Amino acid sequence: MKAVESKSRNLYGRMMIINALFFLLLHLTFVGFTNDDAFFVIVRSQWDSLIDLLIHRYLTDSSRVLSEAILFTLIRLPFLVWQILDTAICILVYHSLTVIFVNDKKSKNNVLIFLLFASYPYMHMGSAGWICTSLNYMWPLAAFLYAFSGVVRRGRKEKIYPLQYAAYIAAMIFTANCEMSATVLCMMFMVVFIEAVIEKRSAWFEILGVLIGIAGILFAMLAPGNGERTIMEAENWMPEFFDLNLLEKARLCSVFVFEHFVAIPDVIFFLFSGLLAVTGLGKAKKNWQKIVAVIPLLIDVLFTGYYFVKDFLLGHKLNYDFENPAIYMTDWKTMIIQLSEVTGLLLFIITAIYTIWNVLPEQKVKIGAIWALACGFAVRMALMLSPTMFASWHRTLIFLYFAFAANIILLAGQCKKRWMKVMIYVILFIGILVNLILTVGLQIRKAV
């Protein structure tokens, strides 16, 4: 009887199957070889040798040698091959997240993690072509999460076999292949390395992750192709780039990031803000702490309300798209909007950090939650050093999205009342519906 009961409560196994089916069916709606993928099909046809092509790309365009090796292999195969492989990557993401945050097959948090992952706007992975975009963002994220799950297992003192270590290290190397994920690898493994040193336990694996991350960053910085690409991208996407000072670039990039989450209602961002308010109010002992807790939600609601009235009610906007912020503040209206958004973003960050610290119970959990947000925000803000700070579109926010998701998991653990849990599930179901409408809708437009 106990064996049957245990098996029936294996929510991890059930949600793993549901996760696999959800993303497989979603992937089967995708239209293949569009945008940059179509361009790379032509590029690959012009080269007989894959190695020669990769060397040429390294010298003239990109340091992402590993992902491009897979890219130029997959574009010569039926699109179905990538659909199956990318579904497997989604399975790996879900598995790694459950190892990191749950570690219990019976826990209802297995369901929460699936709902969060399924709420991520997967349309971002089709913005420059499904294959090339996923290889540069979703696959490195999956590799990072898998490698980091090894860190978590070491912290729990679980037995890890040599072949598993080999797989973790291979995942680290692939993660370091892309600049953004290499930076996240370095930053996240640095903090767990420090933790391991403080706790006086073996830290060879953690320091190896830091070193691989640094190596990936240096490899990208020294690649001649990246410098060539910056010049080309400035000509095509942002001719004003080299005329802007660092403060102006920081302003533009921060405004772009902020507007992504408030210019059009964003479910994950709203849920994160809402949980800060709900859990913060529950923990607050003084009135000013209650005010701090609700500020992130108020900022989200106020700015989203402004854009909803401006763009949809008055502007009669029909499409789900974003406008790039004005590069120069040439009039008072632009200046007020951009400076208010920068102020709103800074206030959001400060109050969110305080509330997370006040709500979460353990110090290392507090640090981990805040550091995850810092990593996701930092790697996106680093794009202010590139003329593609706008053109790279919203796929580059993937690490910040998953940092929000990680914090949602932790904050949800502090919600003890039934209505709070129901609220979380309802919002996430809405998020999944929005994801399906946007992602499948994108494919319908491409097919037409």
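I started with pLDDT, the predictor's confidence in each residue, from 0 to 100. This is a predicted model, so I noted the rules: local features need pLDDT of at least 70, side-chain atom pairs count only at pLDDT 80 or more, and totals for chains, interfaces and linings use all residues. Residues are numbered from 1 along each chain as its sequence is written, and side-chain values use heavy atoms, leaving out hydrogens and water.

**Confidence.** The average pLDDT is 93, and 97% of the residues score at least 70. Residues 1-6 stay under 50, with one contact (heavy atoms within 4.5 Å) beyond four places in sequence. Where pLDDT is low, the predicted coordinates should not be read in detail.

**H9 on H11.** I looked up helix H9 (residues 138-155) against helix H11 (residues 179-198): the angle is about 15° and the axes are 10 Å apart. That makes H9 roughly parallel to H11 (angles under 35 degrees). From H9, Phe144 and Phe148 are among the residues that meet an H11 set including Leu185 and Phe189. By class, this contact has 10 nonpolar, one polar and no charged residues.

**H11 on H12.** Next came helix H12 (residues 204-222), which packs on H11 at about 150°, axes 8 Å apart. That makes H11 roughly antiparallel to H12 (over 145 degrees). Leu185 and Phe189 of H11 turn up here too, among others, and the H12 side includes Gly209, Gly213 and Gly216.

Technical notes
Axes are lines fitted to C-alpha atoms, for helices over the stretch in contact, and angles run from 0 to 180 degrees between N-to-C directions. Helices (H or I, at least four residues) and strands (E, at least two) are DSSP runs, numbered from the N terminus. Angles under 35 degrees count as roughly parallel, over 145 as roughly antiparallel, 65 to 115 as roughly perpendicular and the rest as oblique. Ala, Val, Leu, Ile, Met, Phe, Trp, Tyr, Cys and Pro count as nonpolar, Asp, Glu, Lys and Arg as charged, and the others, Gly among them, as polar.
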